[in-house]
Amino acid sequence: MISWLYVWLPRFCGCHCRDDRSFHYRGRCFPVCARCTGELVGILVAALCYPVFHLSVAWSAVSMIPMVLDGGIQALSSYESTNGRRFVTGLLFGCGLLTLFFTSTAFAFRWGVQLGMGLPIS
């Protein structure tokens, strides 16, 4: 199972898997970088919490901005982010991304039901 994660998780995430940008546990590098680890944890947290609590669409979109800025500034300058910052910005991004996905899916479903029943769209 663990070897399967090391092969497929980076492919699924599109991760670069750089050793210096990844967490280590007992001397072994995680299968994905700190930012992707944060995204995956954020997606999991959002999936578990969505039925009880979820961010609004606006807050979900805003929560994605820090990762875009952190990664973009790092790519375009000599700024070097830390693994902790990468994890936190990835966590926010993952939560925002899945919340937007679930919200848009629910909206599309409700819209389709209303169209099918001939009701006005609200």
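Start with Asp70 and Arg35: their side chains are joined by a polar contact of 2.5 Å. Polar contact here means a pair of N or O atoms within 3.5 Å; within protein, one must be able to donate a hydrogen and the other to accept it, and residues adjacent in sequence count only if both atoms are side-chain atoms. This is a predicted model: local features need pLDDT of at least 70, side-chain atom pairs count only at pLDDT 80 or more, and totals for chains, interfaces and linings use all residues. Residues are numbered from 1 along each chain as its sequence is written, and side-chain values use heavy atoms, leaving out hydrogens and water.

Asp70 sits in helix α3, residues 57–76. Helices are DSSP runs of H or I, at least four residues, numbered from the N terminus. Is Asp70 buried or exposed? Buried, at a relative accessible area of 6%. The cut-offs: buried is under 20%, exposed over 50%, partly exposed in between, with a 1.4 Å probe and protein chains only. Leaving aside residues up to four places away in sequence, Asp70 touches Arg35, Tyr79, Ser81, Arg85, Arg86 and Thr89. Contact means heavy atoms within 4.5 Å.

Now α4, residues 83–117. Its buried residues include Arg86 and Thr89. Their cover includes α2 (34–49) and α3. After α4 comes Gly118, with a positive phi near 75°.

Back to α3, for Val62. Val62 counts as partly exposed because its relative accessibility is 40%.

How values were computed:
Helix = DSSP H or I, 4+ residues; strand = E, 2+ residues; numbered from the N terminus. Expected span 1.5 Å × (residues − 1).
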